Amino acid sequence: MSVLPADVHAELAQLLDALQSSDNSVRSQAEEHLNNNWVATRPDMLLMGLVEQIQGSNDPTTRSFAAVIFRRMASKNRKLPNGESIETFLSLQQEQGYVIRQKLIEALGTEATNSVRNKIGDAVAEIARQYSDGKLQWPEILGVLSTLSISSEVGQREIAYRIFSTTPGIIEKQHEDTVLSAFTKGFKDNDVSVRLAAMEAFASFFRSIPKKSQTKYYALIPDVLNILPPIKESGESEELTRALISLIDLAEVAPKMFKPLFRNLVAFSISVIQDKEHSDQARQNALELMATFADYAPAMCKKDATYTNDMITQCLSLMTDIGIDDDDASEWNTSEDMDPDESDQNHVAGEQCMDRLANKLGGQTILAPTFSWLPRMMNSDAWRDRHAALMAISAISEGCRDLMEGELSQVLELVVPALRDPHPRVRWAGCNALGQMSTDFAGTMQSKYHSVVVPAIIPVLDSPEPRVQAHAAAALVNFCEEAEKEILEPYLDDLLTHLFQLLQSEKRYVQEQALSTIATIADSAEAAFSKYYDTLMPLLFSVLQQENTKELRLLRAKAMECATLIALAVGKARLGNDAMALVQLLATIQQSITDADDPQAQYLMHCWGRMCRVLGQDFLPFLPSVMPPLLQLASAKADIQLLEDDDEVDQVQQEEGWELVPLKGKIIGIKTSTLDDKHMAIELLVVYAQVLEGSFAPYVAEVMEKIALPGLAFFFHDPVRVVSAKCVPQLLNSYKKQFGNPSNELQALWNATIEKLLEVLSAEPAVDTLAEMYQCFYESVEVLGKNCLTAQHMETFIDSAHSALEDYKDRVAARAEEREEVNREEGEEESEDTLFAIEDDQTLLSDMNKAYHCIFKNHGVSFLPAWERLHATYEAFLKSQDPTQRQWGLCIMDDVLEFCGEQSYKYNAAIIEPLVAGCRDPAPANRQAAAYGIGVAAHKGGPQWSQFFAPAIELLFQVTQVPNARGDDDVYATENACAAIAKILHYNASAIPNIQQVIVQWIDTLPVVNDEEAAPYAYAYLAQLIDQQNPAVITQAGKVFMFIAQALEAETLQGQTAARIVTAAKMLLASAGLDTAQVLQQLPPETQQTVRAYFG
């Protein structure tokens, strides 16, 4: 029975018609009427009217559309009189809500048309979600859905599971037996659509429950998997695709629950991938399911007898599915789309899967089975086999880097001949493999194999096919950007002759690529590029002086990039008058840009940044024209849209540069392209502030207030927050250089800045970005220097640090708990996500330590009262099993010793034991920190520490005597121990009973040739011993001189320390009656050259 009068229904029916009109203006007016006359003023009547339309209309289209509008309007946010924001349905009075939901459920039970029932189901699910999220009750919903799930009508059974799938909260709190029974019935239903809906509901439910509860439902997996074979046999690819997507969801959450049946699932999935009768989508989903197990349970995949071989075979097979109906590649050759969207193609799925297998299972597992195929494929008569083999090498080289690096010559023997292949796509793939390998084996490829790679690619630049030419040039970008200039120099003539030739190509994309490659070569070759300057620069100028037509925009953008990279490579002096001519040209181009999509605009921003680096202070006159567009981009607000329905989502998905985020049953669209531009603009502001320093001061206040500080809390885009954190210290430094420190201007800027910095330390949600905020904080404090923080600032800082440390401890505990739950099998490694999370935490705590160090350095003992609040945490770290935590604890104790002078002794009970244990720590970094701490106590700690030094010296000698004490891992600990002994002997000689014996032993801990901080202390003490004519040095003058020569060659001694030790060394040789020239003769030739410069 209708609650609303007939005239209201007539008005609403008319409105629904207008909302569906094909006439845009009618539809817009109707939307406006809906929002102003219904949603804003009488939402209760609107929802009641819509639900009665759903119940009462004879037209299925009207019922369906009313359900769609109901769902949309029910979920709209509205403000209550108290200012609180709440979803429309929950804002209704309780009785009204009760009547509406009853009518909605009745409509669901009586609706006979499947498509309409599904739309009503979506509306029911939305209301259920609102109740579930709001922790409110809807007691009758479960009973209604249970009844529907055992209805004799298929559509009703299906809709029950569809609703469970959308809103798993409905069944989350039910007893497990009820849930098990409901799903078992669904999985065994005699209709496939119900079985699939039950699978989707189970995947959704399983994702939503805590890990601890998941094991209760593992028993359902056999029933789930039994759904698959009949669907495969029926040949229904669409249904098979749906089933596989549900399994992928489950495999992501709990791959181990498939363990008992994994062998069967592998066999089934491989049979689907092989079956060409099924759609590509179904085959790719079966591949994706198997790849998901590699992502989330690599150990399980490695243990399976056939998984690896079968997967590699199927990937390679899919990768040959390319260029159908284009055997001679004529279509491919004529296409000018260099980056076609092929994400749904089999060959791309195969390549991406190979990449994942390599990264997740590693070279040990996949190299042998892959390379059992590749030589055969490279020798095949079918070009598609050869192409697939080369693309496979590109795909696996990153994941197999460690093992492949040692076998590069054999791999190159397979790849290089492909550059002479008769088929253009094989040559293209050969270039692709060399380009990828140049990146993945960066350094090794360039230093060891340049003579193989570069001469092989150069002739390909002469290929008859423009696409192959362009790709050969692109491969050179990868090779050259990682190459040292000495390696490139011999090839420059040949490379540039060919690339200049490509600039004459008829194809614009070839010209564009040639410019990018020339720019990369200039960047790597640096001054050696000067030789080609006179040939190339006039060409680039002529491109930039041409008329600015639409089709030439990208070419001009690349020419700008190339010209400015060359300017950076050859330097201001070589540019001469061209420098000003180039910036004038850039200014002219900037004024000619009018279209928002002109690629020149973005390239231009970077070009200005480069020219600022080239010109330094001479760039200042151009700032007024460069800054306005940059400030506009950097100030951009986030473009965010609430997408109400599937149509709006589809529309946004078709546009580039959007990210979709699900939120409370709705979809939020964020325009990431705007945010990327904002990030780039702030990056360039950092460059200007860095290069121009004080001269950038006129812009500092505006950039700090409107861009950098708001950017620290720009939560829509992590990179914007990170680059804003890089910007703040540079802006402060600019003011410091311009106005001096102290100055009123700098102080005023700092007062506003420090409050915001302290605020973001407690507001930043992402661990990796929080580390950047701590870095921003300590770099800013470093700029301001002594006593820039008040006692209140320090207390607020410690509040944030304390909170961050508690969160860190919670994450460590959660990881430990997860390890217990997961019960990792032998040989199973931590997941990649866990390893990244651990790395992020280590970076964060390391940056927090640097912040404490910086505060202690600039505030000394005044930081102690605030710091004491963290003392207990770091004391616990010092006793931890985790060596990194022990290191953090030791470093802070070192800071207390170094910057708090005699007051450090107050904490001796907390410091001495960790320093003693630290000298014996198995981790070299901790031995280094402990040795450094003992040295600092001797240097800065005052007389109270003296009784500690006699036993400490023994410990320090032990540090220098560990096995392989001068190996890469241990040498810094050894050298810090050497310097610490020198500090004790210099500052606390009276505390050491048998000092001459210790000096003799100490000389053998030299030289110090790595640690530039330790060396000056060790060698200053050595000079002191020489001045005193100490027998320990005079009797072994030749050996001591060698230690001095080694430090001078290693450049660990500089300036006054070097001068002092050279004077002492001359005196030493004279005292011992040794001839300098003869002693120098004993040194290796290259050392002689360096050292002779000091001794004349």
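Let's start with a word we'll need: a residue is called buried when its relative accessible area is under 20%, exposed when that area is over 50%, and partly exposed in between, using a 1.4 Å probe and protein chains only. What you're looking at is a predicted model, where local features need pLDDT of at least 70, side-chain atom pairs count only at pLDDT 80 or more, and totals for chains, interfaces and linings use all residues. Residues are numbered from 1 along each chain as its sequence is written, and side-chain values use heavy atoms, leaving out hydrogens and water.

Now take E1051. This residue sits in the loop between helix 56 (1037-1050) and helix 57 (1055-1072); helices here are DSSP runs of H or I with at least four residues, strands are E runs of at least two, and both are numbered from the N terminus. Because its relative accessibility is 46%, E1051 counts as partly exposed.

For a contrast, go to S724, which lies in helix 41 (residues 718-739). S724 has 0% relative accessibility, so it counts as buried. Along the chain, S724 and H679 are 45 residues apart, yet 8.4 Å separates their C-alpha atoms.

Finally, head to residues 30-110, which an unreviewed UniProt entry annotates as "domain: Importin N-terminal"; such annotations may be inferred rather than shown by experiment, and their positions follow the numbering used here, with feature names shortened. Over this stretch the chain is 74% helix and 7% strand, with 30 Å between the end C-alpha atoms. Y98 belongs to helix 6 (residues 94-110), and at 44% relative accessibility Y98 counts as partly exposed.
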